[in-house]
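Biologist: I'm new to reading protein models. Could you walk me through how to look at one?

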Amino acid sequence: MDYSAALKDYTAFDFDDGRWTRKVFRRGAGPAVIIIHEMPGIHPLVIRFADRVAAAGMSVFLPSLFGEPGRPVTRGYALKTMLKTICIAREFNVWSGGRSSPVVDWLRALARHAKAECGGKGVGAVGMCFTGGFALAMMTEPSVVAPVLSQPSMPVTAFAGKGAIDVSPYEIDCARRRFAEENLSAIGLRFKSDKLVPDERFATLKREFGDKFEAIELDDADSAPGLVEHHSVLTINLIDQPGSRSKQAEERVIAFFKDRTGA
């Protein structure tokens, strides 16, 4: 089935970092924000969030790392994509903590490209779920100035431990140094009851970065129903009504991007 209509307002290009080539969808004008989609791909609610970032005066870059761009989420589609990505794709680190995924190198190269093309103070980046930790690992690229970790769900806690994060010690040290020297910070979002993002994972991030890590932790009442309950803060489980806490979280992230990138 053709799902291209969901991305009709975007232009597409292939980005090659010399190792991998991935399709990227772009919309908007102004400083760049890279939105790294969750499982199972660039689904319509990821696009809705990207549309809102673009409407706030920024250039959105939506790389397609897995799944079918524009395809709505179903249980079967999500399961199939997850199994394929976890079991086959070598670009991703799923099982062990203390190191980032190889595909983060490609994302850093995309950030350099986006900064050169769009200008501004720097590039914002948000990872979601499976890709939640990628934005923090991207901080070794100087152009990245606004990392957001939305429900960072990797590595799998059963294998790596509940407090593990998919970021290497070197990347943590680099982020910590840049936060201090450049007056930067990060945002993390999760629902408190989300078993994929345990308390211990956010405790690790708070311990490593102190008040430079802004933790937005929501209650179950702040979650809209979805395929997975109390999980996707900016997309599936966002209560899209003025004044809701999840809507306020979305607004906070967009304001963070505007401020840090100079939009």
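Biologist: Which backbone atom does the side chain of Asp222 reach?

Modeller: This is a predicted model, so read every distance as a computed one. The side chain of Asp222 comes to 2.8 Å from the backbone nitrogen of Asp219. A second polar contact, of 3.2 Å, links the side chains of Asp222 and Arg245.

Biologist: Okay, and where is Asp222 in the fold? Is it buried or exposed?

Modeller: Asp222 sits in the loop between strand E8 (213-218) and helix H8 (245-261). Anything under 20% relative accessible area counts as buried. Asp222 has 11%, so it's buried. Leaving out residues up to four places away in sequence, Asp222 touches Phe191, Asn237, Ile239, Arg245 and Ser246.

Biologist: You mentioned H8. How many residues does H8 have, and how far does it reach?

Modeller: H8 has 17 residues and spans 24 Å from its first C-alpha to its last, close to the 24 Å expected. Now for which way its residues face. An α-helix has 3.6 residues a turn, so residues three or four places apart point the same way. In H8, the buried residues include Ala249, Val253, Phe256, Phe257 and Arg260. Among the elements covering the buried residues of H8 are strand E3 (32-36), helix H1 (44-55) and strand E5 (123-128).

Biologist: What about Thr261, is it buried or exposed?

Modeller: Thr261 belongs to helix H8, and it counts as buried because its relative accessibility is 0%. Its side chain reaches the backbone oxygen of Phe257 at 2.7 Å. Just after H8, Gly262 takes a positive phi of about 85°.

Biologist: Which residues touch the most other members of the largest nonpolar core?

Modeller: The general idea: in soluble globular proteins, nonpolar side chains tend to be buried together. Here the largest nonpolar core has 80 residues, and Ile35, Phe49, Leu62 and Phe257 touch the most other members. Helix H3 (residues 103-118) gives the most to this core, with nine residues. Take Phe49: its contacts include Ile35, Val126, Leu234 and Phe257, not counting residues up to four places away in sequence.

Terms used
Residues are numbered from 1 along each chain as its sequence is written. This is a predicted model: local features need pLDDT of at least 70, side-chain atom pairs count only at pLDDT 80 or more; totals for chains, interfaces and linings use all residues. Side-chain values use heavy atoms; hydrogens and water are left out. A nonpolar core is a set of buried Ala, Val, Leu, Ile, Met, Phe, Trp, Tyr and Cys residues joined through side-chain atoms within 4.5 Å. Buried means under 20% relative accessible area, exposed over 50%, partly exposed in between (1.4 Å probe, protein chains only). Helices (H or I, at least four residues) and strands (E, at least two) are DSSP runs, numbered from the N terminus. Contact means heavy atoms within 4.5 Å. A polar contact is a pair of N or O atoms within 3.5 Å; within protein, one must be able to donate a hydrogen and the other to accept it, and residues adjacent in sequence count only if both atoms are side-chain atoms. The expected span of a helix is 1.5 Å times one less than its number of residues.
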